[in-house]
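Trainee: I am new to this structure and would like to go through it step by step. Please show it first.

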Amino acid sequence: MTLGTLQIQPRLSVGWREQTAALVLALLAAGAVGSLLIATAGTSVLAAARAFVQGAFGDGRIFGETLVQSTPLIFTGVAIALAFRARVWNIGAEGQFFAGATAALWMTRLLPGLPRPIMLLLVIAGAAVGGAVWAAVPGVLRARYGSNEVVTTVMMNFIMLFVLSFLLTGIWQDPGSFYAQTERIPDSAYFPRFVPGTRLHLGFALALLCAAGAFFLMRRTVVGYEIRAVGSNAPAARLNGVNVATTIVLVMVLSGALAGLAGGSEVAGLHHRLRLDISTGYGFTGIIIALLARLNPLGVVPAAVLFGALINGSTSMQIATGVPVALTAAIQGITLIFVLAFDALARYRIRTVRPDV
Amino acid sequence: MSELLQTGFIISLLAGMVRFATPLLLGALGELVTERAGILNLGIEGMMLTGAFTGFMTTFVTGSLWLGVLAAMLSASLLGLLMAFLSTTLRVDQVLAGLGINILASGLTFYVFRVAFRDVGTANLPNIAVFQRVRVPLLADIPFVGQIVFTQHVLTFIALALVPTIWFVLYRTRQGLELRILGERPKVLDMRGLSVAARQYAAVVFGSMMAGAGGGFLTLASAGLFLPDITQGRGFIAFALVIFGNWSAGRILLGALFFGLIESLQLHLQAVGVGVPQQLLLALPYVLTIVALVVARQTSREPQSLGVPYVRSA
């Protein structure tokens, strides 16, 4: 495209400078639109921003809460980064989160008397298996029948919500409660909290471990190589002896297990019971986080902390200024669009050229 | 159980089928045109949701249902422009662009709804009077068929009429031929000096307007109120219908009627009080969408270049 002596050309390679610039611009743009939204709600942007920062980073304890909030987001972000790396579009992390939470809770109901270390292991394993099973269905259908996994994972999300609503208003409902929720899990299943004065729990450490593990898997193992190969060129990977169908199922199972751990960690680490509102769309926020981190599992960690801060900051902003907390949902969508657009723009450069004569 | 066999019940069930099929049909026909032009529009869920929201808000404020329909289509077409810009101009991965549209629509509608109605709970949701059904003169007097097909919303008649219309345009007009070539071999058009981008923009905007109208139907003809994420995956079901229908308008109609019947059945069985857990009935459309994708996996008419951004030099 040519405008006078300016010409827009594709770059030969996109380096880290362009990528970083795109990221910074995307976040700035999202912040600007977010401020605009606050202003249209009739609130002082400055007052809102002050409440926001106070609620996300105010002091050590508050920042601890931000890390608590980012814990499930690290899990779902890594889950989606793995799947998207193989170009397997797992939009079902939300359902897998609840499948994991359900399975973890089921373990505590099934074997309530176990000693604590065994109980904790069982809860963690249950959460991973629950999420993995829920993700395996769309994985197998994609690998075996070519069924579009965006559609099937979204459908699995809805099905999970109805399964859970059935349990929580039926056989699992806390008999002493009017709400659709289970009883508290036994003390032995509580994740230990390890930083005095904060609610930081075992789940956070586990999430960091998973991010590091996923990074290692992708960079240093054959499986990781195969996942990346399927993602960059599936037919070529097949010619090179990669079993594409198996890799698709495997990456879905891994992704589901991670999303399931998010659910188990929220139940055992934070809420100590199962309710339908223990996730405010962590599975979908994970998509934005993964893309913000450019599908790098280690990059997911700071991105997740950023969105944990967004959620907590917005809550305190609502209390202080009345701006609806739904703002977080809007900002998430805006961020995603800007990240996609600026990433694409980073592939081009503007050059001055001599006009053709 | 005797209630289930009465003619009144069956007529009501089948009329419900046609009614519930409408938003799915509108969305799926729009998606069909978009995909024929080579663009995979997964943002259809967000476009329907936006249509449902702005349609409701416009009617709530102005009191005019048809202004609501117009607003539903226009607002969704803005998202369509964004989708076309991302996928055709910037060549962003179309799956990601579509997801972005969905998350954006979900967040924005939720936020604006909360800003507009700060103190509403489930008990005092703002609502509007919905469209009345219309009897087609003479045809509505035919026994059974008249009550099922010819006593419906105007939007339903439009949706049904669009099935043969879209077939005709796609297969019997020059513009339709160009559109289909776009999804197969866009280079052919480009080499003849015809703009690929302009046609793709037009197709995506048309598809998004249809999705917006489908979403508008949900609030303006069915619910009469708005709830966050009120579309409940119907956009994705409409998307699946295009695959299920093997990219043919006639089969898409059959699919839409099937899912309309399921939704109608849910409502009627709940009213009669069959001893099935409510959640099982509610989960049925989602389970059947997965089943439909697996059972009907003919892709013989899938556009070859679907989802592949067109690059001239390639």
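**A covered helix and the contact between chains**

Mentor: Tyr282(A), Gly283(A), Thr285(A), Gly286(A), Ile287(A), Ile288(A), Ile289(A), Ala290(A), Leu291(A) and Leu292(A) are the buried residues of H11(A), where buried means under 20% relative accessible area with a 1.4 Å probe, protein chains only. This is a predicted model, in which local features need pLDDT of at least 70, side-chain atom pairs count only at pLDDT 80 or more, and totals for chains, interfaces and linings use all residues. Residues are numbered from 1 along each chain as written, chains are lettered from A and ligands numbered from 1 in the order written, and side-chain values use heavy atoms, without hydrogens and water.

Trainee: How many residues of helix H11 of chain A are buried?

Mentor: Helices are DSSP runs of H or I with at least four residues, numbered from the N terminus. H11 of chain A covers residues 282–292 and is mostly covered. Of its eleven residues, the number buried is ten.

Trainee: Is Gln181(A) buried or exposed?

Mentor: Gln181(A) lies in the loop between helix H6 (149–168) and helix H7 (202–220) of chain A. Leaving aside neighbours within four places in sequence, its contacts (heavy atoms within 4.5 Å) include Leu168(A), Trp172(A) and Arg273(A). Because its relative accessibility is 9%, Gln181(A) counts as buried.

Trainee: What is the area buried between chain B and chain A?

Mentor: The contact takes 40 residues from chain B and 45 residues from chain A. Buried area is the accessible area (1.4 Å probe) that two parts lose on being put together, summed over both. Carbon and sulfur atoms give 81% of the area buried here, and the total is about 3600 Å².

Trainee: Which side chains meet in a salt bridge between chain B and chain A?

Mentor: A salt bridge is a side-chain nitrogen of Lys or Arg within 4 Å of a carboxyl oxygen of Asp or Glu. The count between chain B and chain A is one. At 2.8 Å, N to O, the side chains are those of Asp93(B) and Arg87(A).

Trainee: Which helix gives the largest share of the side of chain B that touches chain A?

Mentor: Helices H3 (65–89), H4 (94–116), H10 (234–244) and H12 (278–295) of chain B each supply at least two residues of that side. The largest share is 14 residues, and it comes from H4(B).

Trainee: What ipTM does the model score?

Mentor: Chain B averages a pLDDT of 93, pLDDT being the predictor's confidence in each residue, from 0 to 100. The model scores pTM 0.94 and ipTM 0.94.

Methods: Buried < 20%, exposed > 50% of the residue type's maximum accessible area, 1.4 Å probe, protein only.
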